[in-house]
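This report is meant for a reader who is meeting the structure for the first time.

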Amino acid sequence: MKELKATREGFGEGLLLAAKQNTAIWALTADLASSTGLLEFSKEYPERFVEVGVAEQNLVTVASGLAATGKIPFATSFAVFSPGRNWEQIRTTICYNNQSVKIIGSHAGLGVGEDGATHQALEDVALMRVLPNMDVIVPCDFIQAKKATIAISKTKKPTYLRLTRQKSQIITKETDKFEIGKAQILRKGQKDTVIIIGCGPLLAEALIAAEELKKEKISCTIINLHTIKPLDEQTILTLAKKTGKIITIEDHQIVGGLGSAISELLSEKLNVKYKMKIMGVENKFGESGTPEELYEKYKLNSKYIKQEVKKILK
Amino acid sequence: MDKKEVVNLLNLQAKKIRQNIIKMIHEAKSGHTAGSLGMTDVFTALYFSFLNVNPKKPKDPDRDYLILSNGHICPGLYATLAARGFFKEQELFTLRKFESGLQGHPHRESLPELETTSGPLGSGLSQACGIALSLKRDKKNNKVVCLMSDGEHDEGNTWEAIMFAHKYHLDNLLVIVDRNRIQIDGNTEQIMPLGSLREKYLSFGWGVIDINGNDMQEIVNALQRATIEREKPLAIIAHTTPGKGVKFMEHDYNWHGRAPNEEETKRALELLK
Ligand SMILES: Cc1ncc(C[n+]2csc(CCOP(=O)(O)OP(=O)(O)O)c2C)c(N)n1
Ligand SMILES: [Mg+2]
């Protein structure tokens with residue numbers, strides 16, 4: 001079996017690499033150092049590490065202050081609490097104030113599993129995407145999370161990085177390039193294919209679906225849209241124009257997420273007739289269960305992706 | 001029954017509840033062991049000698065309200081509710097499983113016996129304040145009890161509620177704080193020093209009773225004092241031992257959110273005999 005690793009682990013490793021290069025990088029947490037991959041950092045760089053206790057509003061506002069003196073703070077917690085609980089503080093003191101704070105929200109999505117709905121952030125991308133100045137990044141695997149962490153440490157912008165608890169498949173390579181705002185084509189189909197655009201570990205399910213559909217002579221292009229903001233309009237429009245059949249998938253509410261962002265773009269700028277299906281959580285909260293049970297119930301696995309591909313081809 | 005007999009019976013009950021907590025968290029393979037075991041004596045005293053609740057009529061308008069603000073210790077609450085007859089003991093072993101009423105963190109719509117949904121820390125006391133204020137203005141006599149952890153005193157929302165309760169003279173409100181001195185990343189005084197919660201609550205205008213939260217007699221006495229006519233909200237600071245009863249878990253923050261494996265479960269149950 002292939003090795004499974006969580007994106008939060010990739011963040012932890014990436015942060016160590018970035019911190020070695022740049023002494024301005026600090027890390028803060030709200031009583032979740034080990035859960036968010038900061039244990040090593042806190043030991044290696046105690047003088048650049050800050051523990052605020054269970055206080056997410058303080059977490060991001062202190063980070064804003066640190067950024068005001070030239071530090072590049074990475075503030076970690078679970079996504080439901082940060083950016084969930086402290087949204088207005090992020091809006092004013094980080095985005096409007098335009099400070100280079102990196103909001104790291106772990107345990108996003110149904111993939112959290114057994115902890116249940118209170119801990120499964122399904123709204124965080126929407127919350128962050130709506131804020132001016134904020135970049136929004138959702139890495140799909142361990143390797144990409146590591147690269148994204150290094151990349152965001154080099155920008156001056158407020159950034160939201162969405163991470164996951166569960167160990168998941170590694171679908172990118174160390175040699176793959178990661179560029180903020182540049183979509184990655186994970187799989188290229190033949191022309192007139194269905195375009196599947198997704199983010200996060202669920203892309204592994206899209207790859208499985210595409211492989212199985214190939215046996216039925218249906219070809220799909222898969223785009224890893226790791227940057228939801230700023231949106232790679234050109235890549236999306238160019239591909240969408242060719243086929244006019246677009247399916248999006250994400251472990252997030254349908255309202256306000258990746259699918260929503262793409263649909264805003266297409267409805268305004270795509271000048272051909274097109275069909276689109278947004279796969280995500282339909283106006284519901286999550287619940288306890290294994291990630292597999294939940295993805296089945298909420299219709300977010302390869303089986304349902306295949307169904308949607310066939311539907312859109314009809 | 002004299003006081004001593006009552007305390008003995010409560011201790012027996014608490015022991016059974018602790019055994020179930022270990023078994024159910026082991027079965028679930030995840031969950032919060034230390035806090036659940038530490039607060040078992042308080043849960044037991046509340047449900048078997050203090051709260052006016054009726055398992056046959058959980059939504060009785062005259063019932064007392066129990067709000068679990070630190071929702072992660074719900075295994076302790078669930079096991080106590082089962083022991084008190086709110087649902088079958090067998091259900092405990094569906095904890096954290098797919099489509100169970102016993103969600104990983106308490107969800108009111110999955111388990112209607114609950115008054116609130118919780119897990120995210122620091123928002124229970126405000127809800128308890130809302131309930132207490134509403135009952136008070138309706139001239140009703142229901143008691144409102146809010147259980148909180150020490151860790152959630154890091155949250156600003158907690159202190160907003162503490163001031164609120166004082167302003168509105170919520171004399172029908174009782175807080176019990178699990179002062180176990182641990183949180184996730186370590187000991188509370190290292191992660192975010194809380195110092196004396198007694199001094200803090202007193203200076204915010206509350207009444208305060210400090211007790212050993214694992215001494216049934218002290219718990220029962222403190223609860224009795226809580227029912228005496230008062231003009232203020234009252235906080236019982238329950239100094240507890242996290243992981244109480246299972247020596248190798250006691251006072252170790254690593255057991256905050258860890259489930260015992262097969263071998264640890266055996267040893268724990270042996271210690272809880
Ligand atoms: C708002 C919020 N932030 C973070 C968490 C994650 N979390 C769960 S329990 C916990 C530790 C809090 O300490 P305490 O409640 O005293 O833990 P215990 O004594 O039960 O081990 C944290 C940070 C949370 N549940 N809610
Ligand atoms: Mg504690």
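## Surroundings of B:Asp150

In this predicted model, B:Asp150 touches B:Val177, B:Asp178, B:Arg179, B:Asn180, B:Arg181, B:Ile182, B:Thr188 and B:Leu194, leaving aside residues up to four places away in sequence. The residue is found in the loop between strand 2 and helix 6 of chain B. Its relative accessible area is 1%, so B:Asp150 is buried.

Like B:Asp150, B:Asn180 is buried.

## The sheet of chain B

In chain B, 5 strands form an open sheet with parallel pairing, in the order 1-2-3-5-4. Strand 1 (65-68) and strand 4 (207-212) of chain B stand at the edges; each has a single partner strand, so one side of each is left without a neighbour in the sheet. On average, and with direction ignored, neighbouring strands of this sheet are turned by 20° against each other. Strands of a sheet pair through backbone hydrogen bonds, either parallel or antiparallel.

Strand 2 and strand 3 of chain B pair in the parallel sense over 6 bridges. B:Ser149 stands opposite B:Asp178, a residue in strand 3 of chain B. Helix 3 (residues 40-49) of chain B packs on the sheet, where it touches strand 1, strand 2, strand 3 and strand 5 (234-239) of chain B; the direction of the helix makes about 175° with that of strand 2 of chain B. In helix 3 of chain B, 8 of the 10 residues are buried, so the helix is largely enclosed by the rest of the structure. The buried residues of this helix include B:Val42, B:Phe43, B:Leu46 and B:Tyr47.

## B:Leu173 in strand 3

B:Leu173 is found in strand 3 of chain B. Is this residue buried or exposed? Its relative accessibility is 0%, and B:Leu173 therefore counts as buried. When residues up to four places away in sequence are not counted, B:Leu173 touches B:Leu125, B:Ala128, B:Cys129, B:Ala132, B:Val144, B:Ala165, B:Trp206, B:Arg230, B:Pro233 and B:Leu234. The C-alpha atoms of B:Leu173 and B:Asn142 are 9.5 Å apart in space, and the two residues are 31 residues apart in sequence.

## The contact between the chains

Chain A contributes 23 residues to the contact and chain B contributes 24 residues. The area buried between chain A and chain B is about 1,900 Å², and carbon and sulfur atoms give 48% of this area. In chain A, the residues that lose the most area to chain B are A:Asp31, A:Val54 and A:Arg85, together 28% of what that side buries.

Across the interface of chain A and chain B there are 3 salt bridges. In a salt bridge between A:Arg85 and B:Glu155, the closest N and O atoms are 3.4 Å apart. A network of salt bridges links A:Glu287, A:Lys297 and B:Glu99.

## Salt bridges within the chains

Side chains of opposite charge can pair when their charged atoms come close. Over all chains, the count comes to 31 salt bridges. One of them joins A:Lys269 and A:Glu233, with the closest N and O atoms 2.8 Å apart. This pair links distant parts of the chain, 36 residues apart: A:Lys269 is in helix 9 (residues 258-269) of chain A, and A:Glu233 is in helix 8 (residues 233-243) of chain A. A:Lys269 is partly exposed, with a relative accessible area of 39%, and A:Glu233 counts as partly exposed at 31% relative accessibility.

In chain B, B:Arg258 forms a salt bridge with B:Glu264, the closest N and O atoms being 2.5 Å apart. B:Arg258 counts as partly exposed at 34% relative accessibility, whereas B:Glu264 counts as buried at 10%. The side chains of B:Lys273 and B:Glu270 also meet in a salt bridge, at 3.5 Å from N to O, and both B:Lys273 and B:Glu270 are exposed.

Note on methods: Residues numbered from 1 in each chain as written. Chains lettered and ligands numbered in written order. Predicted model: local features only at pLDDT ≥ 70, side-chain atom pairs only at ≥ 80, totals over all residues. Heavy atoms only, no water. Buried < 20%, exposed > 50% of the residue type's maximum accessible area, 1.4 Å probe, protein only. Pairing = 2+ DSSP bridges. Helix = DSSP H or I, 4+ residues; strand = E, 2+ residues; numbered from the N terminus. Axes fitted to C-alpha atoms, helices over the stretch in contact; angles between N-to-C directions. Contact = heavy atoms within 4.5 Å. Buried area = accessible area lost by both parts, 1.4 Å probe. Salt bridge = Lys/Arg side-chain N within 4 Å of Asp/Glu carboxyl O.
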